[in-house]
Every structure is written in structure tokens, then in C-alpha cells.
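Keep the sequence and the 3D view open as you read.

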Amino acid sequence: MGGNTPCVEIEANGHLIILDGGTGLIHLGNDLVRRQRENGGKPIHAVILFSHTHHDHTQGVPYFTPAYIPTSTFYIFGPRMFHEQVNEALRRSMLPPNFPIELDDLRSMRIVRDLHEAESLWLLPEQPEPMIRNIYREGPLDVDDVVRIDVLKSYGHPQEGVYIYKISYRGHSIVYATDTEGYIGGDRRLIQFSRGADVLIHDAQYTQAEYLDPVVSKQGWGHSTPEMAIEVAQAAQVKRLYLFHHDPSHDDETLFEIEAEAQKLFPNTYLAREGLDITIL
Ligand SMILES: [Zn+2]
Ligand SMILES: [Zn+2]
């Protein structure tokens with residue numbers, strides 16, 4: 001399935017949204033530069049959303065080529081206190097002697113901001129900078145053709161939880177729920193948040209046997225089993241479920257077995273895999 005750590009690219013109405021900056025971001029960056037070359041050098045703008053700042057979700061950032069191009073602009077969001085955390089996390093990965101360039105030396109524009117759970121982002125047509133609104137105080141934005149990003153804080157990951165994101169456009173939606181651990185009866189808040197989504201990308205790092213291992217149980221480690229992901233997918237009536245954040249010790253053969261078992265419970269379950277491209281219409 002490829003050995004990269006989390007990074008998902010979403011394109012909606014011409015906007016580029018990047019979920020997490022694991023090593024998959026390195027390949028995405030190279031591809032964005034290739035696309036820029038092909039389209040006559042149009043500047044790269046992207047909204048980058050971090051679920052949290054653990055190393056496997058930020059380690060691609062120092063090698064993200066578009067960040068070295070002065071015309072690039074990135075609107076970077078993450079959990080509360082994130083600003084301090086991400087700078088800290090990125091700085092550490094980019095300090096000499098570990099890395100020859102420091103974070104502040106990157107030539108692109110970066111706007112970094114904490115996102116509150118009550119806030120949502122709105123991407124208007126042809127406008128790269130997202131509008132931020134408190135949905136409880138200001139209500140939703142009534143504009144045609146807007147891409148909306150909502151946030152749900154999950155407490156199921158050590159130590160400070162993670163952000164789960166929902167990207168909606170023209171009645172369709174994708175939910176990105178990585179690094180989260182399930183609950184008995186399903187994560188009720190996540191079920192509510194994901195209701196009717198076209199795609200649910202859900203953590204499924206451990207098999208049930210690993211989760212319940214009598215010697216090293218994975219309970220409380222902040223990851224789910226495929227069964228936990230399926231419970232959410234079924235209750236929320238999502239159309240497709242993608243099992244995500246595969247365990248590095250699982251080879252492709254093991255993953256295909258996991259996929260086959262999962263499909264018995266929820267037929268529209270698939271493995272997230274390197275370079276997988278899906279279109280939602
Ligand atoms: Zn983590
Ligand atoms: Zn992770």
C-alpha cells in the first residue's frame with residue numbers, strides 16, 4: 001500500500017485542500033510543481049489542515065517543494081494551541097544539524113492559525129483565502145458554490161486529541177478521521193458528524209486481535225480497528241469507507257485479508273492506498 005505517512009489531497013471547485021503533512025506530502029509537492037510547470041507557472045495556493053502535530057503527520061513538511069517557491073501561499077490550520085505546537089514540531093525537524101534550512105527561511109507565504117471547534121472555513125469561488133466563521137454565532141454562509149470545512153475534536157488520541165475534518169461541496173462530503181480510537185456502541189459524535197457522507201476515511205491501524213493482545217494491548221493508543229471504523233460507517237450511513245493509517249508491520253497480503261474481512265461486514269469498504277484517486281459526483 002506504499003510506505004508513506006498520512007497526506008490526502010482534495011480538489012473542490014478549483015481549491016486545493018491538503019490533509020496532514022506526512023511523507024506523502026513530499027510526493028504531492030513534486031506533483032504540484034509538475035502541474036505548475038504544465039499550467040504556465042500559476043502560483044500554488046492551498047489550505048493545509050493538520051489533524052495534530054505528531055511526527056508522522058508533519059515529517060513531510062521540510063521536503064515539500066512548493067514551500068520553497070516564493071509565489072506559493074499556504075493557509076495552515078490545526079487544533080487549538082496548534083500554532084505553538086506546529087512551529088515547535090516543524091522547527092525541531094528543520095534545525096541544524098538535522099536539516100540545513102530553518103522554517104523561517106522557507107520562501108513561500110504561510111498563514112498559520114488555530115482553529116476553534118465552533119469555527120468552519122468557507123472557500124468562495126476564485127478566492128484562495130478561506131473565510132472563517134463561528135457557525136454558532138454567525139450561522140452558515142449562504143453563498144452558491146462554496147466549499148465548506150467543518151471540524152470535530154476527537155478525544156480518542158493521546159495526549160491532546162485530534163481534529164477530524166469534513167469537507168462539503170454541492171451536497172457531497174468527505175470526512176477525514178485519522179488517529180482516533182473507537183468507543184463501545186460507536187463514536188456517537190463522529191457518527192452524527194459523518195452522517196450521509198460520500199466518503200469516510202477512518203483510522204483502522206490494528207486488527208481486533210492486536211487491539212486485544214493479552215501481552216501488549218493497543219487499548220488507549222489512539223487508533224481503531226476496522227470493526228470500529230465500520231460501526232461508524234454503518235451507523236452514519238456513509239457511502240464508502242476507506243481504512244486508513246495502516247500499521248507499518250502489516251504487509252500488503254495482511255492488508256488485503258483485512259479488506260476482505262471488512263467487506264463482509266460493510267461491502268463498500270476499501271483500503272486507502274498510495275496514489276489512489278477517487279472522484280465524487
Ligand atoms: Zn498521532
Ligand atoms: Zn498518526
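Start at Arg148, which is partly exposed at 22% relative accessibility.

A few ground rules come next. This is a predicted model, where local features need pLDDT of at least 70 and side-chain atom pairs count only at pLDDT 80 or more, while totals for chains, interfaces and linings use all residues. Residues are numbered from 1 along each chain as its sequence is written, chains are lettered from A and ligands numbered from 1 in the order in which they are written, and side-chain values use heavy atoms, with hydrogens and water left out.

What does Arg148 form with Asp150? The two residues form a salt bridge, and their closest N and O atoms are 2.7 Å apart. A salt bridge here is a side-chain nitrogen of Lys or Arg within 4 Å of a carboxyl oxygen of Asp or Glu. Asp150 is buried, with a relative accessible area of 7%. Side chains of opposite charge can pair when their charged atoms come close. By this rule, the count comes to 12 salt bridges.

Now look at Lys239 and Asp198. Their side chains meet in a salt bridge at 3.7 Å, N to O. This pair links distant parts of the chain, 41 residues apart. Lys239 sits in the loop between H6 and strand E12 (240-244). Asp198 sits in the loop between helix H4 (188-194) and strand E11 (199-203). Helices (H or I, at least four residues) and strands (E, at least two) are DSSP runs, numbered from the N terminus. Lys239 is partly exposed at 47%, whereas Asp198 is buried at 6%.

Move to helix H1 (residues 24-38). Asp31 and Arg35 are four residues apart in this helix, so about one helical turn separates them. Their side chains form a salt bridge of 3.0 Å, N to O. Asp31 is partly exposed at 25%, and Arg35 is partly exposed at 24%. Both belong to a network of salt bridges that links Glu9, Glu11, Asp31, Arg34, Arg35 and Glu38.

Which charged side chain is buried without a salt bridge? Lys218 is, and the nearest side chain of opposite charge, Asp213, is 5.9 Å away. Lys218 lies in the loop between helix H5 (208-211) and helix H6 (226-236). A polar atom of its side chain lies 3.3 Å from the backbone oxygen of Val216.

Next comes the backbone. Asn13 has a positive phi, near 50°, though it is not a glycine. Asn13 is in the loop between strand E1 (8-12) and strand E2 (15-19), and is partly exposed at 30%. Arg170 also has a positive phi, about 45°. Arg170 lies in the loop between E9 and strand E10 (172-177) and is exposed at 59%. A cis peptide bond joins Pro158 and Gln159, with omega about -5°. Gln159 is in the loop between strand E8 (147-154) and strand E9 (162-169).

End at helix H7 (residues 252-265), where Asp252 is found. Asp252 is partly exposed at 37%.

Key. Buried < 20%, exposed > 50% of the residue type's maximum accessible area, 1.4 Å probe, protein only. Lys, Arg positive; Asp, Glu negative; His and termini not counted. Polar contact = N/O pair within 3.5 Å; in protein donor to acceptor, adjacent residues only side chain to side chain.
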